[in-house]
Amino acid sequence: MILVTGGAGFIGSNFVLDWLARSDEPVVNLDKLTYAGNLDNLAALAGNPRHLFVHGDIGDADLVAGLLARHQPRALLHFAAETHVDRAIAGPAPFIATNVNGSFTLLETVRAWWQALDAAARRDFRFLHVSTDEVYGSLAPGAAAFTESTPYAPNNPYAASKAASDHLVRAYGHTYGLPVLTTNCSNNYGPYQFPEKLIPLMIARARAGQPLPVYGDGQQVRDWLYVGDHCAALRRVLEAGRPGETYNIGGRNELANLEVVRTVCAILDELAPQAGGQYAGQIAHVADRPGHDRRYAIDAGKIERELGWTPAESFASGIRKTVAWYLEHASWMAALQAGRERRA
């Protein structure tokens, strides 16, 4: 049995679906179902006895303690987080509440339960914390990519809240001996991503005939990681990662945002052509985000050397799969957009 937090969100739901497709080991899935948590992501698991969904908050210590005592998981994978930078800039309080205070409460609850286990169970347990490359700050053009030893320099409230949670996880490993693992990943893309993020947002707006907003000159560079590759890396870290270690996970796909948008438009031109012309004609440059980091890049050499993981998807293959998925799941996107309009 493993316990997953945030398993109805984008990366978490992909991980749960992938895990249950590859393993007989059951999953207890704890998710608060905020705006970005979506049970429709898990519709394929309806009636699956190996998937137990629990609606709740990682900050509810009694609930978490009860789940730990009842199910005795051999591992906990912590995906639950507020993640959207624009939302963090507009209102950082939920990011502190979930990413910092929620992670602290989760760690404290797990520590109390873990310390009461027998020696073998304590040794075998793992707490895998899923984090982001944004904790490292911004890179200049041509600068070496982030490694696990790059100093933290978060530049927005979201990144700062994730950096704080990373530090807490490290401290609980060092101080209490909790067998922790931390992963810092680059920009994920793929199925089930909430359409506030760049790629699904561009697909939705392009199909609706709306402008495609690109911040500033669009030359902000990110490393793009297909979510299925991320799930495979997490399985490998859980299987063979050394407690106390951090592993950077990247796709080896550094691309400027404008290039990503143009690629999405080109695939849409091929798969869903429109009579009014090419989708790239809808691109509109808008005022840049405050404090917008210019470049992120991940050096994934450690996980490749030590654990033998490498990404299976190139950006060309992954983005084609992704665009096709959103075109084939237009009803999934429409339901999210309708729900967002009702809440507005």
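**Close-up views of a predicted model**

View 1. At 25% relative accessibility, Ala164 counts as partly exposed, because the buried class ends under 20% and the exposed class begins over 50%. The model shown here and in the other views is predicted. Ala164 belongs to helix α6, residues 157-176. Arg222 lies 58 residues from Ala164 along the chain. Their C-alpha atoms are separated by 22 Å.

**View 2. The whole chain, for orientation.** The protein chain holds twelve helices and twelve strands. Its C-alpha trace spans about 65 × 45 × 40 Å along the principal axes. The radius of gyration is 20 Å, which agrees with the value near 20 Å for a compact globule of 344 residues. Of these 344 residues, 53% count as buried. Among contacts with a separation of 6 or more, 81% join residues 24 or more positions apart. The chain exposes about 14200 Å², and carbon and sulfur atoms supply 52% of that area. There are 31 positive and 35 negative charges.

**View 3. Helix α1 is largely enclosed by the rest of the structure.** Helix α1 covers residues 10-22, 13 residues in total. From first C-alpha to last it reaches 19 Å, close to the 18 Å expected at 1.5 Å a residue. Eleven of its 13 residues are buried, so the helix is largely enclosed. The buried set runs through Phe10, Ile11, Gly12, Ser13, Asn14 and Phe15, then Val16, Leu17, Asp18, Trp19 and Leu20. What do these buried residues of α1 pack against? Their partners are the strands β1 (2-5), β2 (27-31), β3 (51-55), β4 and β7, together with helix α8 (227-240).

**View 4. His84 is buried in a loop.** The loop that holds His84 runs between β4 (75-78) and α3 (85-90). His84 counts as buried because its relative accessibility is 9%, and the cut-off for buried is under 20%. Which residues does His84 touch, leaving aside those up to four places away in sequence? The contacts are Tyr35, Phe95, Glu196 and Lys197.

**View 5. Tyr192 has a positive phi.** Phi of Tyr192 is near 70 degrees, a positive value in a residue other than glycine. Tyr192 lies in the loop between β7 (187-189) and α7 (198-207). Is Tyr192 buried or exposed? With a relative accessible area of 17%, Tyr192 is buried.

**View 6. Arg252 also has a positive phi.** Phi of Arg252 is near 55 degrees, and Arg252 is a residue other than glycine. The loop between β10 (246-249) and β11 (254-256) holds Arg252. Arg252 is exposed, with a relative accessible area of 52%, whereas Tyr192 is buried.

View 7. Helix α11 takes in 14 residues, 315-328. At 1.5 Å a residue, α11 should span 20 Å. Its end C-alpha atoms are 20 Å apart, which agrees. Which residues of α11 are buried? They are Phe315, Gly318, Ile319, Thr322, Val323, Ala324, Trp325 and Tyr326.

How values were computed. Residues are numbered from 1 along each chain as its sequence is written. This is a predicted model: local features need pLDDT of at least 70, side-chain atom pairs count only at pLDDT 80 or more; totals for chains, interfaces and linings use all residues. Side-chain values use heavy atoms; hydrogens and water are left out. Helices (H or I, at least four residues) and strands (E, at least two) are DSSP runs, numbered from the N terminus. The radius of gyration is taken over C-alpha atoms; the globule rule is 2.2 Å times the number of residues to the power 0.38. Buried means under 20% relative accessible area, exposed over 50%, partly exposed in between (1.4 Å probe, protein chains only). Contact means heavy atoms within 4.5 Å. Accessible areas come from the Shrake-Rupley method with a 1.4 Å probe; for residues, only the protein chains shown count as cover. Lys and Arg count as positive and Asp and Glu as negative; His and the chain ends are not counted. The place of a charge is taken as NZ of Lys, CZ of Arg, CG of Asp or CD of Glu. The expected span of a helix is 1.5 Å times one less than its number of residues.
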